[in-house]
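Please keep the structure open while going through them.

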Amino acid sequence: MLTPQDELLAHQLPTTFDHVQQSDLRWTERVVMYGFDTTGEISVMTGMARYPNRNVLDAYAMVTVGNKTAHVVRLSREIGDRYDGIADWTVGPFTYEIIEPLRKVRATLGDNEHGVRLQLDFDGQFPAYEQEPAFFRTRGRVREDARRYYQNGRVAGWIEVEGTRYEIDPETWWFGRDHSWGTRHGGGGGSLGEGEGLQPGEIPDGVLYYMGIFQFDDELVHFAQRETADGQRWHFEGTVLPPLGAGRQPVPIVTTDHALRFRTDFRIVSGGSFTVHSADGREREFTITPVSDFWPGIAGYDFYRGYASGLWRGENWSEGLTVDLTDTADLRQASMLSETFCRVETEGKVGYGLVEMVFMGRNARYGYAGY
């Protein structure tokens, strides 16, 4: 079926843009925007996911206030023959628009019955950059085959929650986005089942995945690592990027180390540091101080309160929910993937950033015995 994107001179397959190369039900294309007021009062995460092999397009907006309450709107619709413009996509009152490729995007949640509205205008300050490819198999099946790019920049706009309007001050907000596609593993489309009657996937005795995105006026430091229970690295990426127009080249990061502390209720960071070794010979310690947390699982990355991103909910569907983030028993259902906004200090500089983490099972370094 022809779509608006078929006008582009960009085809990669001998078919139309409504199809991908494979039929894996987990195949997902996802855009995400996330950021926080560095005072810690409010944070926001919003995005959209397309599941061409499920005929589902869904979206969400999650606003966390005071690090205590999350206000969430989850939306879904059939793809069918409903394609929007060449550079914008809509699910109910939510619209995602590309204003300037690899530079400016906008997310809007318009009038709805769930008490959350917003407009976020993103303008890249740093170049978009690619994630290292992730391809893994387990027990004969592709476990993960995905690509992603990230970008940090300024955000303008507003957020409204239950009648309270928050104007976004670009000078006090930290903001980033990413765009991923492929067969996923973990939160999001990867949390959906592959089908019935299959040999269960392998379950490691422990895993530690962490990602840091630390922004300063003159650089963006990004790294991510996956480790076994005994600390053996099995996937890594990292780079230091200058701002757009700075005239400097990115510097690869060779390796990172960590000395972290964790909360007693969840295995998410409560402080500590990362040490980054870059290809130019520099070794720097980045000390983190958490400002606020948010939980993608309750927006749809995990199965929570009867829903997960990618599930069929009919031609048009939406719901709103309010989550008490101090209820640890309830939150534990959606706590696999944690996100912590932080103040970051290094060599006398102060910046802000995000620490993303999945930490489960045994870990020799931090003394955890199992799940």
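1. The place to begin is the pairing of S8 with strand S11 (residues 141-161), which is antiparallel and extends over nine bridges. Within this pair, Asp-121 has Ala-156 of S11 as its bridge partner. Please bear in mind throughout that this is a predicted model.

2. On its other pairing, S8 is joined by six bridges to strand S7 (residues 104-109), and these two strands also run antiparallel. Here Ala-107 stands opposite Leu-120 in S8. S7 and S8 form a hairpin with six residues between them, and Gly-115, which lies in the turn, has a positive phi of about 85°.

3. Which residues of strand S8 (residues 116-124) make up its covered face, and which its uncovered one? The covered face consists of Val-116, Leu-118, Leu-120, Phe-122 and Gly-124, whereas Arg-117, Gln-119, Asp-121 and Asp-123 make up the uncovered face. This can be read alongside a general rule, namely that side chains in a regular strand alternate between the two faces of the sheet.

4. S18 then pairs over six bridges with strand S19 (residues 283-294), where Val-276 has Arg-284 as its bridge partner. The hairpin of S18 and S19 has four residues between the strands, and Gly-281 in that hairpin takes a positive phi near 90°. Finally, S19 pairs with strand S21 (residues 338-346) over seven bridges, in the antiparallel sense, and Arg-343 in S21 is the bridge partner of Thr-289.

5. The largest nonpolar core has 35 residues, and those with the most contacts inside it are Tyr-34, Met-45, Met-62, Ile-213 and Ile-298. Among the strands that each supply at least two residues of this core are strand S1 (27-37), strand S14 (206-216) and strand S22 (349-361). A second, separate core of 30 residues includes Ala-59, Phe-94, Val-116 and Val-161.

6. Ile-298 deserves a look of its own. Leaving aside residues up to four places away in sequence, Ile-298 touches several residues, including Met-62, Ala-70, Arg-74, Tyr-304 and Leu-331.

Definitions and conventions. Residues are numbered from 1 along each chain as its sequence is written. This is a predicted model: local features need pLDDT of at least 70, side-chain atom pairs count only at pLDDT 80 or more; totals for chains, interfaces and linings use all residues. Side-chain values use heavy atoms; hydrogens and water are left out. A nonpolar core is a set of buried Ala, Val, Leu, Ile, Met, Phe, Trp, Tyr and Cys residues joined through side-chain atoms within 4.5 Å. Buried means under 20% relative accessible area, exposed over 50%, partly exposed in between (1.4 Å probe, protein chains only). Contact means heavy atoms within 4.5 Å. Two strands pair if DSSP finds at least two bridges between them.
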